[in-house]
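Visitor: I would like a close look at one single part of this model. Could you pick a spot and walk me through what surrounds it?

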Amino acid sequence: MTRRPLSTYRLQIRQGFTLDDAAEAAGYLADLGASWAYLSPLLAAVPGSDHGYDVVDHSRVDPERGGPEGLTRFAAAARAAGLGILVDIVPNHVGVALPRANHWWWDLLRLGTSSRHAIAFDVDRRVSAGRVRLPILGSSPAEVLAAGEITIDTTPADDAPDGTLHYFDHELPLAPGTAALADDLPALLDAQHYELRFWEDQNTDLDYRRFFAVSELAGIRVEIPDVFEESHREIVRWITEGLADGLRVDHPDGLVDPGTYLERLADATGAAYTVVEKILEPGEELPSWWRTDGTTGYDALVEFDRVLIDGDGVRALDELDARLREDSGLPPAASWQDLIHSTKRMIADELLRSEVRRLVRSLPFGVVDAEEALAEIIASFPVYRAYLPAGHEHLQNALDDAAARRPDLATAIAELAPLLVDTDLEIAERFPQVTGAVMAKGVEDTAFYRYTRLGTLTEVGGDPSIASITVEAFHDAQRARLASWPHSLTALSTHDTKRSEDVRARLSVLAEIPGRWAEVLAELRSIASTGHGPLDALLWQAAVGAWPITAERMSQYGLKAAREAAESTAWQHPDEDFEKGVIAIAEATEGSAREVLDAFVAEIVDAGRVNSLSAKLLQLTTPGVPDVYQGTELWDHSLVDPDNRRPVDFGARADLLRRMDADAVRGVLPPIDDSGAAKMLVTSRALRLRRDHPELFDGYRPGTVAGEASAHAVAVDRGGVLAVATRLPVGLADRGGWGDTVLLRREIPATDVLTGRRIAAGPVRLSELLDTYPVALLVEDR
């Protein structure tokens with residue numbers, strides 16, 4: 001029988017926090033109440049990798065992360081603490097930034113199609129005579145040769161018997177028998193199994209599948225049984241030898257057939273607990289036939305955020321955005337659907353044009369305007385991808401939208417339509433892989449940085465055109481999760497979120513005070529501005545949400561945000577003059593804007609903390625398996641990676657938890673202050689309750705709140721536990737508090753496990769129940 005977690009705690013394993021460091025933290029995770037530890041990728045990665053998603057060797061645990069011995073020691077510590085273990089795996093791609101570190105890739109480059117590993121890589125043999133195109137040159141090959149930038153070392157090595165080619169930091173193997181051409185570089189280059197190309201050619205002329213637009217991450221073909229077996233042998237060993245209990249599958253949408261992959265994985269692991277990093281669009285369902293326990297929780301994250309947002313205030317922020325655009329000389333804002341169509345089309349035409357061109361090459365016959373039509377259909381695709389033979393409705397929506405937007409392409413679109421659903425054709429196999437990549441780059445990594453009304457809305461898994469949801473809709477979503485995917489993870493922060501949960505909770509307050517925010521933003525823009533009003537709003541929101549923040553962190557975030565937006569500057573061609581304005585804003589946070597930021601954050605910090613505690617309690621008590629991202633049991637005001645991967649002081653957290661537990665025995669409760677102890681209280685009490693009494697969480701009913709301020713509460717009845725959270729705290733304060741509002745309860749006494757207070761049977765006034773914290777967690781007497 002599959003063992004499943006009751007909760008998880010995510011740890012980022014890296015050189016600076018190894019498996020042995022994780023072993024030392026295991027006792028703390030158990031004391032906090034976590035059920036399983038959840039580890040980032042462990043297989044050997046590109047040397048120095050801080051994330052581990054660039055695997056170079058599937059046969060071993062990364063020595064920089066602790067090696068196999070470290071995993072054994074961690075597993076022993078976790079078992080001693082009563083923890084299960086969930087491990088992140090990366091089946092879609094491998095790291096090739098340092099070719100010599102990746103034996104499979106190195107062997108392919110040296111031997112070409114005769115390499116036993118050639119079958120593992122998804123290289124289009126129809127171009128470059130089957131050679132792998134490597135876009136690593138700073139100029140054209142002719143210019144590089146003329147400048148003498150390529151050197152040859154014919155010294156033999158075990159993995160390079162004919163020597164190596166060097167181009168600055170790049171090192172590549174020479175093909176057998178080609179060392180004799182060392183004095184004729186053009187001939188030597190022509191004789192290799194790879195083709196050196198100008199770096200910008202990766203956008204248009206790459207011939208191997210990659211992860212999104214990252215050419216240093218090459219796709220592998222796990223749909224081939226031998227490739228699956230070789231790439232998963234070590235992973236399966238972890239499960240069979242008790243070193244891990246479950247797996248988190250990274251980016252399944254990159255695979256040819258995620259459903260078949262999950263079947264094979266379940267068979268190999270004995271149906272171990274498995275969740276998938278799958279982003280669902282509003283109304284989209286996780287494929288019911290997949291052998292998975294659910295997603296990694298972005299769908300739930302959106303629900304926790306949206307129920308705490310004032311939708312009317314967002315509409316006022318839309319008006320502010322319109323004024324900012326007008327003041328900046330920008331055209332009126334497009335609708336969300338038109339915006340993402342344009343950004344996805346930009347990605348298909350630019351960064352991922354190589355992938356679109358490969359689709360054209362895979363057509364069984366020529367279609368006039370095929371590249372243009374395919375790019376338009378991809379830009380119109382409403383979800384990340386379809387899973388044929390299911391998902392025809394998504395393709396039909398895309399075809400209809402593309403034809404409506406581009407009637408001049410109607411004939412090409414009609415010709416392509418039957419080919420895209422014919423599962424016997426290569427194009428039908430590849431098309432879903434491309435739509436997912438274009439969606440990710442066009443929406444998460446571009447449009448989210450252009451749609452800047454309210455940062456909370458542009459989070460992974462979110463659709464910012466849906467500004468808020470009602471309490472009733474929230475309850476419906478929770479009941480649906482309990483019925484369909486009760487073991488799916490739920491999240492508030494992850495290593496991939498654009499903003500941590502506490503940044504978003506603070507920013508959500510802006511929707512309750514849009515007029516005040518407009519005043520403050522105007523004052524901040526008068527101090528420093530890029531000249532682009534919507535981007536200014538994004539950057540100053542980041543400063544407010546992450547406050548206090550250093551100029552260095554702010555500069556790192558600001559430059560990334562501006563380049564991702566790709567309106568006034570970009571990654572491949574930065575505009576130094578424009579970016580001076582970004583840096584000016586960053587520097588102002590520690591200078592002339594500090595006083596304004598200090599004062600404004602002081603106005604909203606308390607309301608932000610109410611939102612934080614409410615979101616945390618709802619996540620920890622609603623259906624699913626709540627995941628706590630490392631460090632977020634205290635306030636965490638992190639921005640997008642790498643900001644959210646900063647070191648966590650687990651020793652200090654363990655000390656604080658021990659003191660808090662000791663104080664609780666004496667009836668001393670932590671205040672809601674800068675220490676974050678109140679958030680640790682909510683986290684630890686809810687996690688412990690789920691772990692120690694899972695039977696109390698078997699059902700789901702909306703709790704009932706009645707009275708004049710009932711709209712400001714969310715009450716969740718799990719059967720034996722009743723959770724109550726405050727929403728829209730500014731509006732609650734403006735109306736004078738809870739008044740006569742009551743939580744209707746059964747005639748059974750209860751205890752609030754957050755405060756230890758006894759609650760009499762029957763209804764309870766919220767002004768009394770929530771007089772210490774804005775949340776309560778009631779356990780009925782049994």
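Guide: Let's start with Asp 643, which counts as buried because its relative accessibility is 5%; buried means under 20% relative accessible area, exposed over 50% and partly exposed in between, with a 1.4 Å probe and protein chains only. Before going on, please note that this is a predicted model, where local features need pLDDT of at least 70, side-chain atom pairs count only at pLDDT 80 or more, and totals for chains, interfaces and linings use all residues. Residues are numbered from 1 along each chain as its sequence is written, and side-chain values use heavy atoms, with hydrogens and water left out.

Where does Asp 643 sit? Its place is in the loop between β17 (625-629) and α23 (650-665). These labels come from DSSP runs numbered from the N terminus: helices are H or I with at least four residues, and strands are E with at least two.

If we leave aside neighbours within four places in sequence, Asp 643 is in contact with Arg 553, His 637 and Ser 638, where contact means heavy atoms within 4.5 Å. With Arg 553 there is also a side-chain to side-chain polar contact of 2.7 Å. A polar contact is a pair of N or O atoms within 3.5 Å; within protein, one must be able to donate a hydrogen and the other to accept it, and residues adjacent in sequence count only if both atoms are side-chain atoms.

Asp 463 counts as buried, with 10% relative accessibility. Not counting residues up to four places away in sequence, Asp 463 touches Pro 282, Arg 306, Trp 336 and Gln 337.

Finally, step back to the whole chain. You will find 26 helices and 26 strands in it. The chain is as compact as a globular protein of its length, because its radius of gyration is 27 Å, close to the 28 Å that the globule rule gives for 782 residues; the radius is taken over C-alpha atoms, and the rule is 2.2 Å times the number of residues to the power 0.38. Buried residues make up 62% of the 782 residues, Asp 643 among them. Of the contacts between residues at least 6 apart in sequence, 73% join residues at least 24 apart.
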